[in-house]
Amino acid sequence: MNPNTKPLILRTVEELRAWRKSLAPGETLGFVPTMGALHEGHLSLARLSMGRCSKTLVSIFVNPLQFGPKEDLARYPRPFERDCELLGGIGVDAVFSPSVATMYPEGASTTVVEDTVSHPLCGAMRPGHFLGVTTVVLKLFNLVQPDVAFFGQKDAQQCAVIERMVRDLDLPVEIIRGEIVREPDGLAMSSRNVYLSPEEREKAPLIYRSLKAAAAAYERGERDACRLEELGREALELDPSFNVQYWEVRHPRTLEKLETVGPDGALLAVAAVLGTTRLIDNWILKGQKH
Ligand code: AMP
């Protein structure tokens with residue numbers, strides 16, 4: 001599609017299925033699921049898809065099932081018109097933006113549970129979150145029937161959970177991870193960054209710097225996971241405004257705890273609350289295999 005043309009906006013299951021059916025057999029469909037309030041991180045995934053597939057669909061759906069009762073569902077930003085303009089600007093073909101009632105009809109009682117990778121880290125902090133994610137992503141895959149789906153490494157655990165679900169349930173879709181897109185000062189882009197006050201926004205890149213501090217120690221030869229965690233956590237706790245939920249070194253795919261960083265490398269994963277905003281970030285330590 002030509003950039004600056006409005007993408008086709010699909011609201012209902014019927015509209016989506018008719019559009020999917022209208023694609024020629026030779027077309028490949030790339031899919032980028034999002035909750036909207038789009039930024040360059042989302043757009044980088046859409047661009048990856050457009051480079052790889054002949055058609056690209058982006059979904060915008062703030063999924064109530066993945067929010068806890070005390071979380072920010074009500075205040076989550078929903079700038080739909082602007083999102084569509086951004087997607088039109090880069091030439092995305094279609095946007096699927098269903099209502100909650102479309103996705104969860106009255107009495108919906110079936111969910112998807114991944115029972116290992118979803119337990120630690122954000123899974124421990126946000127009970128039910130990944131059940132919400134796997135359920136909505138499987139539903140979206142069934143509706144969109146993409147050849148390839150794109151997820152951001154920003155949500156590394158989400159990527160691992162989805163990859164596990166795709167493998168375990170034989171879903172006919174290829175998963176591609178897109179790199180984390182950051183602000184110039186290192187803060188990982190997130191739709192939630194708009195919640196930060198100017199003072200908090202100034203402090204927020206300390207999360208990134210704590211990851212870099214541990215990564216630098218790894219580069220100097222440190223392989224002890226506890227030591228790397230200590231270094232990272234200490235760097236972040238230098239500023240008491242951060243309430244650190246976790247700062248951990250884990251296996252990059254299985255998310256198991258590590259004693260030593262071995263040939264597979266490691267995921268450094270952090271979640272911290274700054275004011276009322278929960279921020280997450282991560283960094284991959286490459287192993288000798290890479
Ligand atoms: P969300 O709208 O937050 O559900 O995110 C939709 C997709 O965009 C997910 O696959 C996220 O991992 C991805 N994403 C969010 N932030 C970034 C970022 N800073 N860099 C790359 N991908 C991102």
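## Ligand contacts

In this predicted model, the side chain of His42 puts an N or O atom 2.9 Å from an oxygen atom of the ligand, a polar contact (a pair of N or O atoms within 3.5 Å). A backbone N or O atom of Gly152 sits 2.9 Å from a ligand oxygen, and a polar side-chain atom of Asp155 is 2.6 Å from an oxygen atom of the ligand. The protein covers 93% of the 480 Å² of accessible area that the ligand has on its own (Shrake-Rupley method, 1.4 Å probe).

The elements giving two or more residues to the shell (heavy atoms within 4 Å) are strand 2 (29-34), helix 2 (40-52) and strand 5 (148-152). Helix 2 gives the most, with 3 residues. Helices here are DSSP runs of H or I with at least four residues, and strands are E runs of at least two, numbered from the N terminus.

Six strands make an open, parallel sheet in the order 1-4-3-2-5-6; strands count as paired if DSSP finds at least two bridges between them. Strand 1 (8-10) and strand 6 (174-178) are at the edges with a single partner strand each, so one side of each has no neighbour in the sheet. Strand 2 and strand 5 pair in the parallel sense over 2 bridges, and Gly30 stands opposite Val148 in strand 5.

## Basis

Residue numbers start from 1 along each chain as its sequence is written. As the model is predicted, local features need pLDDT of at least 70 and side-chain atom pairs pLDDT 80 or more, while totals for chains, interfaces and linings use all residues; side-chain values use heavy atoms, leaving out hydrogens and water.

Definitions and conventions: A polar contact is a pair of N or O atoms within 3.5 Å; within protein, one must be able to donate a hydrogen and the other to accept it, and residues adjacent in sequence count only if both atoms are side-chain atoms.
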